[in-house]
Amino acid sequence: MCMAAKLDFCPMTDDLKRAARDGAFWTALSQIGAGACQWAQLFVMARLLPADDFGLMAIAQSSVGILAPMTDLGLSQAIVQQKHLAKQQLDTLFWVNLAIGAALFAAFAAVGWGAASFYQRPELSRLMPFTAVVFLLYPLAAQPSAMLTRRLDFRSLAVAEVVSWALSLAISVALALKGWGAFALAAGHVGRYFTATAASWWLARRICPAPSLHFDWKESRPLVRFGLFDAGARWLGILQLNID
């Protein structure tokens, strides 16, 4: 711990300075690229689809947007902050994440039938389960993304983010032109998560080992405890923004 007087900051090493500069550059580039794709997608799709299709997608996506980050349970942050990680811990966290995602997918797919009846829109019985596929993809991408963050590899994170948004744009527009309606929006949404997952695993292949069928709850319990506190804080923030 640095005991600097008068609130002076501790000097950074050259490696950390370089990592900070690179991180700021690639994060900004990622935000600009992803933002441009989002803007283009909204602009083009607004010309291709009626407002009714956007309303259906908003119903299907609203709850997914609130709950999808919770499939991680804060375990990504636990991986990033942990000084030493064992392969058994990574395996355990992977299967915990996937189990939570699968449970949320099943629950959300079942809710689709009730939503279709409540809103009197039969399309929701198929649209909501399709959109809920992200509950299976989000936990799959969590671990490689966390390992890239742990290595301060913001370039790879930026590449995965921009490529996934660009493909989402292409999928949405192509399917809208074919008359898929709201499902074109849903396909672009799912396609973005699928691409981000595949890209994250490929870019992190040298530092993130493939999970094996190993479960060690005792060794992983401290990480889960840390993740629960982080997830709770994040979920309260998301709920505050989206409760209306």
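**Salt bridges, packing and burial**

A: Asp-52 pairs with Arg-121 in a salt bridge, with the closest N and O atoms 2.9 Å apart. This pair ties together distant parts of the chain, 69 residues apart. Asp-52 sits in helix H2 (residues 51-67). Arg-121 is in the loop between helix H4 (87-119) and helix H5 (124-131). Keep in mind that this is a predicted model.

Q: Is Asp-52 buried, exposed or partly exposed?

A: Asp-52 counts as partly exposed, because its relative accessibility is 40%. Arg-121 is also classed as partly exposed, at 23% relative accessibility. The cut-off for buried is under 20%.

Q: How many salt bridges does the structure hold?

A: Three. Another one joins Glu-123 to Arg-121, where the closest N and O atoms are 2.8 Å apart. Glu-123 is partly exposed, with a relative accessible area of 25%. Through shared partners, Asp-52, Arg-121 and Glu-123 form one network.

Q: And which side chain does Asp-91 meet in a salt bridge?

A: That of Lys-87, at 2.7 Å from N to O. Both residues lie in helix H4. They are four residues apart, about one turn of the helix.

Q: OK, switching to packing. At roughly what angle do H4 and H6 cross?

A: Roughly 155°, and their axes come within 7 Å. Helix H6 covers residues 134-150. Since angles over 145 degrees count as roughly antiparallel, H4 is therefore roughly antiparallel to H6. The crossing is right-handed.

Q: Which residues make that contact?

A: On the H4 side, they include Leu-90, Leu-93, Phe-94, Asn-97, Gly-101 and Phe-108. On the H6 side, they include Phe-135, Pro-139, Leu-140, Gln-143 and Met-147. By class, the contact has 14 nonpolar, three polar and no charged residues.

Q: What is Gln-143 in contact with, leaving aside its neighbours within four places in sequence?

A: Ile-79, Leu-90, Leu-93, Phe-94 and Cys-208.

Q: Next pair. How do H5 and H8 pack?

A: At an angle of about 15°, with their axes 9 Å apart. Helix H8 runs over residues 182-203. The cut-off for roughly parallel is under 35 degrees, so H5 and H8 are roughly parallel to each other. Their crossing is left-handed.

Q: Who makes the contact there?

A: From H5, Arg-126, Leu-127, Phe-130 and Thr-131. From H8, Ala-182, Phe-183, Ala-186, Ala-187, His-189 and Val-190. By class, the contact has seven nonpolar, two polar and one charged residues.

Q: What about Ala-36? Which helix is it in?

A: Ala-36 is in helix H1 (residues 14-48). Ala-36 counts as partly exposed, at 43% relative accessibility.

Q: How far apart are the C-alpha atoms of Ala-36 and Ala-132?

A: They are separated by 25 Å. Along the chain, the two residues are 96 residues apart.

Q: Let's zoom out. How many helices and strands are there?

A: Nine helices and zero strands. Along the sequence, the pattern reads α-α-α-α-α-α-α-α-α.

Q: What does the C-alpha trace span along its principal axes?

A: About 65 × 40 × 35 Å.

Q: And what share of the residues count as buried?

A: 39% of the 244 residues of the chain. Asp-91 is one buried example, at 2% relative accessible area. Gln-143 is another, at 3%.

Q: Last one. Among contacts with a separation of 6 or more, what share comes from residues 24 or more positions apart?

A: 84% in this chain.

Notes
Residues numbered from 1 in each chain as written. Predicted model: local features only at pLDDT ≥ 70, side-chain atom pairs only at ≥ 80, totals over all residues. Heavy atoms only, no water. Salt bridge = Lys/Arg side-chain N within 4 Å of Asp/Glu carboxyl O. Helix = DSSP H or I, 4+ residues; strand = E, 2+ residues; numbered from the N terminus. Buried < 20%, exposed > 50% of the residue type's maximum accessible area, 1.4 Å probe, protein only. Axes fitted to C-alpha atoms, helices over the stretch in contact; angles between N-to-C directions. Parallel < 35°, antiparallel > 145°, perpendicular 65-115°, else oblique. Left-handed = near helix turned anticlockwise from the far one by under 90°. Contact = heavy atoms within 4.5 Å. Nonpolar A, V, L, I, M, F, W, Y, C, P; charged D, E, K, R; others polar.
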